[in-house]
Amino acid sequence: MIDIAEILYAKCCLFLSDYWNAGSNSTNDNCGLVTPSKEKRSMLEVSALMPEEWLHGYFSRLAVQNSCLDIPQLNKLIAPLPPHDSPESIPKIAKLLDRPVQDLIQQHTLFPAKHAIYFKTYSEAHQVKISMRKMQKPVKFCHQCIEEDWEYVGQGFPYLRRIHQVTGIDWCLKHKCRLGFSSLDDIPGPGQFGLLHEQSIIQEPLESQHEIIQKYVEIFEGLISNSLTLSADHVSLVLEQQAKKAGFNTSPAKSARCISDVLVEEISSDWLLRNFPTLKAKVTNKALKTIDGAAVFRLQNHNVTNYVLAAAVLFDSADEALMTLNNSSNMELKPRRALIKRNAEFWRGNDLRQIYIKNLGTGKAIADDIGGDYDQVRQNLIKYGLPPLTNLSLETIKALADFYKGATLAEILSRPGVNREHFEQVVRSAGNQFGEILNQIKEALMQKSTERLNRINSKDRPH
């Protein structure tokens, strides 16, 4: 039986340009290459797309083959080719390779990795537009894969694997070794791999890493290799249930051990902060929305990486996580509130201002009052200068009131008990009229904060 890899590697370069129109004007040489006639001056050299090759790297490889300085210059060569109803290069390359566009997107781009857990679906046209986007700036490669590529049948050439470019997957899953990082601004061409290969190999096998890192890599690889597409609503509900079961705090208003605490306490390698830089601002026992918020049902839309990281902490094994997440699609969810389109006049109007004052700036209460999806209402409140004021501490409310009366920022932030993060969030998104509004609701806000604190303290007292 002929090895498919051998077929792909053996003299896989095709010279194609208007080959679908070449007809009797084209000639076939002994190597099976289609060579356009002399009248066909425009010629594009197109190689075989290798298994699991990253399409962005493939385009870079084509640029080198066709003596282009970069991918934009290559795209100019591709632009005149059919299908003429698409300005994008991917459908044109798909036609040249005789492959469906969806095959290229699903098997050779990072689109499946970035949207394995989705909050909305995309048309194929939109997938084409965004599928060439990277997940991280550095290009990653495996030294051993490059070695095998060079040596294959003596005529191999190196290429970049898609799975190596996924955020947090810093090990080759075939060779279990640490990946190298290219310091080049652009994707390296085939000739530059020789220099990259001379870099010293970091001897940090995946098996030597913290179990959370190992689970993260295995969960992400499982999502991609099994072509799983999971609803963010279902995933966040499963993660919320797991977090509650484990006793983790996911509320920024509370002070207790969080998923993010486990991460910063247990993972000492540079992997964590390099791939999840928001953890640099981590405060002990305070939830981070970007990390801990992934385990709150419908709190907000998160990157797939954050959901996978939370799952790596909350489940005992990658297999258990993948099975539970995959089965989550069978869970019944509360129906989402309908999205209601409202113009800028509504959000700037006096009616909304009065509703904001009546509900003391509480986002969920305002959403209940005017109707519609909470996230949509919250985002528009912030956009139009009415920041949500849920769960502000007594000291923070006083600090905000004094700030809008003229107290200096340095003096405000030096006060004990002021939640700096909450203070800055409110001030950053507050509009011109916010100081006047705050003055009207300050006393009621302070009373509400005091009552909430009393309820919390009463629960903590022994009975």
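**A guided look at a predicted model**

Buried residues account for 45% of the 463 residues in the protein, and the model discussed here is a predicted one.

Student: Among contacts between residues at least 6 apart in sequence, what share joins residues at least 24 apart?
Tutor: Start from the contacts in the protein between residues at least 6 apart in sequence. Then keep those that join residues at least 24 apart, and the share is 67%.

Student: Let's turn to H3. Is H3 largely enclosed by the rest of the structure or largely exposed?
Tutor: The buried residues of H3 are Leu-55, His-56, Gly-57, Tyr-58, Phe-59, Ser-60, Arg-61, Leu-62 and Ala-63. They pack against strand E4 (44–47), H4, H5 and helix H6 (101–108). Nine of the eleven residues of H3 are buried, so H3 is largely enclosed by the rest of the structure.

Student: And just after H3, which residue takes a positive phi?
Tutor: Look in the loop between helix H3 (55–65) and H4. Most residues other than glycine have a negative phi. The exception just after H3, with a phi of about 55°, is Ser-67.

Student: There is another positive phi at Asn-391. Where is the place of Asn-391?
Tutor: Phi of Asn-391 is near 60°, a positive value in a residue other than glycine. At 33% relative accessibility, Asn-391 counts as partly exposed. Its place is in the loop between helix H20 (374–383) and helix H21 (394–403).

Student: What is the peptide bond from Pro-82 to Pro-83, cis or trans?
Tutor: Pro-83 lies in the loop between helix H4 (71–78) and helix H5 (89–97). Most peptide bonds are trans. For the bond from Pro-82 to Pro-83, though, omega is near 0°, and the bond is cis.

Student: On to H12. Is Glu-240 buried or exposed?
Tutor: Glu-240 is found in helix H12. Leaving aside its neighbours within four places in sequence, Glu-240 is in contact with Ala-295, Val-296 and Phe-297. Its relative accessible area is 17%, and buried means under 20%, so Glu-240 is buried.

Student: How many Å apart in space are Gln-241 and Phe-297, C-alpha to C-alpha?
Tutor: Gln-241 is found in helix H12 as well, and it is partly exposed, with a relative accessible area of 41%. Gln-241 and Phe-297 are 56 residues apart in sequence. In space, C-alpha to C-alpha, they are 9.0 Å apart.

Student: What about Gly-247 and Ile-259: how many Å apart in space are they?
Tutor: Gly-247 is found in the loop between helix H12 (232–246) and H13. It is exposed, with a relative accessible area of 56%. Gly-247 and Ile-259 are twelve residues apart in sequence, and their C-alpha to C-alpha separation in space is 9.8 Å.

Student: Now for H13 and H15: are they roughly parallel or roughly perpendicular to each other?
Tutor: Two packed helices are described by the angle between their axes and the distance between the axes. The axes of helix H13 (residues 259–266) and H15 come within 10 Å and cross at roughly 80°. Angles of 65 to 115 degrees count as roughly perpendicular. H13 and H15 are therefore roughly perpendicular.

Student: By class, which residues make up the contact of H13 with H15?
Tutor: On the H13 side, the contact is made by Ile-259, Val-262 and Leu-263. H15 brings Leu-309, Ala-310, Val-313 and Leu-314. With no polar and no charged residues, the contact has seven nonpolar.

Student: Last stop, the second largest pocket. How do the residues of its lining divide into nonpolar, polar and charged?
Tutor: About 550 Å³ of space lies in the second largest pocket. Of its 30 lining residues, the closest to its centre are Lys-114, Met-135, Asn-303, Val-304 and Thr-305. Elements that each supply at least two residues of the lining include helix H7 (111–114), helix H8 (124–130) and helix H15 (304–314). The lining divides into 13 nonpolar, twelve polar and five charged.

Key. Residues are numbered from 1 along each chain as its sequence is written. This is a predicted model: local features need pLDDT of at least 70, side-chain atom pairs count only at pLDDT 80 or more; totals for chains, interfaces and linings use all residues. Side-chain values use heavy atoms; hydrogens and water are left out. On a 1 Å grid over the protein atoms alone, a cavity is a set of points where a 1.4 Å probe fits but cannot get out, and a pocket is an open set with protein on both sides within 12 Å along at least five of seven lines; lining residues have an atom within 4 Å of a point. Grid points are joined across faces, edges and corners, and a volume is the space filled by probe spheres set on the points. Helices (H or I, at least four residues) and strands (E, at least two) are DSSP runs, numbered from the N terminus. Ala, Val, Leu, Ile, Met, Phe, Trp, Tyr, Cys and Pro count as nonpolar, Asp, Glu, Lys and Arg as charged, and the others, Gly among them, as polar. Axes are lines fitted to C-alpha atoms, for helices over the stretch in contact, and angles run from 0 to 180 degrees between N-to-C directions. Angles under 35 degrees count as roughly parallel, over 145 as roughly antiparallel, 65 to 115 as roughly perpendicular and the rest as oblique. Contact means heavy atoms within 4.5 Å. Buried means under 20% relative accessible area, exposed over 50%, partly exposed in between (1.4 Å probe, protein chains only).
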